[in-house]
Amino acid sequence: MRIFLLLIMVFSFNCKERNRPNVEITESIKIGVELVVLGTVQDGGAPHIGCTKKCCERLWIEPDERLKVVSLGVIDHDNDKTFIFEATPDFPEQLAHLNRLAGRPMSKMPDGIFITHAHIGHYTGLMFLGREAKGAKDVPVYVMSRMFGFLNAFGPWNQLVDLKNINLIKMDQVIGQKLTDNVEVQPFLVPHRDEYSETVGFIIAGPERKTLFIPDIDKWAKWKNNIVEEIEKVDLAFVDATFYDAREINNRNISEIPHPFVIESMELFEELDDKEKSKIHFIHLNHTNPLLNSESEAYKNVVTRKFEVAEFGAMLAI
């Protein structure tokens, strides 16, 4: 019986390791400007509420702390500033991770939060800044015009404004936000389901490199810009990879969730040389996406073709 139980424990451990991304979380270099991957998963997270599929079954029992909702962080070591892109349901843990890497106190708020749009994984983390939680003071939150109006008009978000927990700063897509002498952020509109706000991506410019961040977009052909040309203008690109292919959504109306499939994006980017392909990091992965499993054939297909899958904890000098 003891041998039998031991074999079960070993098998369970091996399954756990096979199904987790093989991530080596690097340490901060403490100089210049660094980009930090704070989350890679689609809005609903993983495990996903009500999910009884194989992709979530193990995670209900053994949660993976690296499976956080999509977010990037920026650390300007030279100016002792930090910035977070997206306020997710995992915001407290993501902020703590960013502060640790920046050598800041856990209580320190970011010097700016940038929001792409009003879907639950991208802005609801603002709730932690309210009086029920942090009771923050005037944290700068950068948003576009419709998002500005949404947060000002509807509770509980307008309470954050009224109590001065947050300081909303309205952005314009033709004007970059110069945050420090090292960091500038430029928003741009992208097509998506815009029920409550517009949707944007960002160009995050450090002193050395530029990063394209588009966690949510409809099919690439719907965008007025050419994504291949936009990738050529930057040094890193974190792009929407919600679904690997159509098999993940066979029980839903595809017109309601028209994200570009990873297989479509790879086909579109196929003519790029290997250097250009290596810029591309697939992010915003649905809980069903096989790219969350580094042992899957889908994952191996992506990296064999010289693309990258975004990994929590990765740090890149920009």
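1. Two rings of Phe, Tyr or Trp count as an aromatic pair if their centres lie within 6.5 Å. This is a predicted model, and the structure holds twelve such pairs.

2. Let's start with Phe-307. Its ring centre is 6.4 Å from that of Phe-269, with the planes at 50 degrees, so this pair is tilted. Phe-269 sits in the loop between α8 and α9, while Phe-307 belongs to the loop between α10 and β13, so the pair ties together parts 38 residues apart in sequence.

3. Phe-307 has another partner, Phe-282: their centres are 5.9 Å apart and their planes at 55 degrees, so this pair is tilted as well. Phe-282 lies in strand β12, 25 residues from Phe-307 in the chain.

4. Elsewhere, Tyr-123, Phe-150, Phe-154, Trp-157 and Tyr-196 make up one aromatic cluster. Charges meet rings too: Lys-219 has its charged end over the ring of Phe-261, 3.8 Å from the centre, and Lys-170 lies over the face of Phe-148 at 4.7 Å.

5. Now look at the sheet. Seven strands form an open, mixed sheet in the order β6-β5-β4-β3-β2-β1-β14, with β6 and β14 at the edges. Strands β2 and β3 run antiparallel and are joined by five bridges; Leu-72 has Phe-85 in β3 as its bridge partner.

6. Helix α3 touches β1, β2, β3, β4 and β14, whereas helix α5 touches β5 and β6.

Note on methods:
Residues numbered from 1 in each chain as written. Predicted model: local features only at pLDDT ≥ 70, side-chain atom pairs only at ≥ 80, totals over all residues. Heavy atoms only, no water. Pairing = 2+ DSSP bridges. Helix = DSSP H or I, 4+ residues; strand = E, 2+ residues; numbered from the N terminus. Contact = heavy atoms within 4.5 Å. Axes fitted to C-alpha atoms, helices over the stretch in contact; angles between N-to-C directions. Phe/Tyr/Trp six-rings, centres within 6.5 Å; stacked < 30°, edge-to-face > 60°. Lys NZ or Arg CZ within 6 Å of the ring centre and 35° of its normal.
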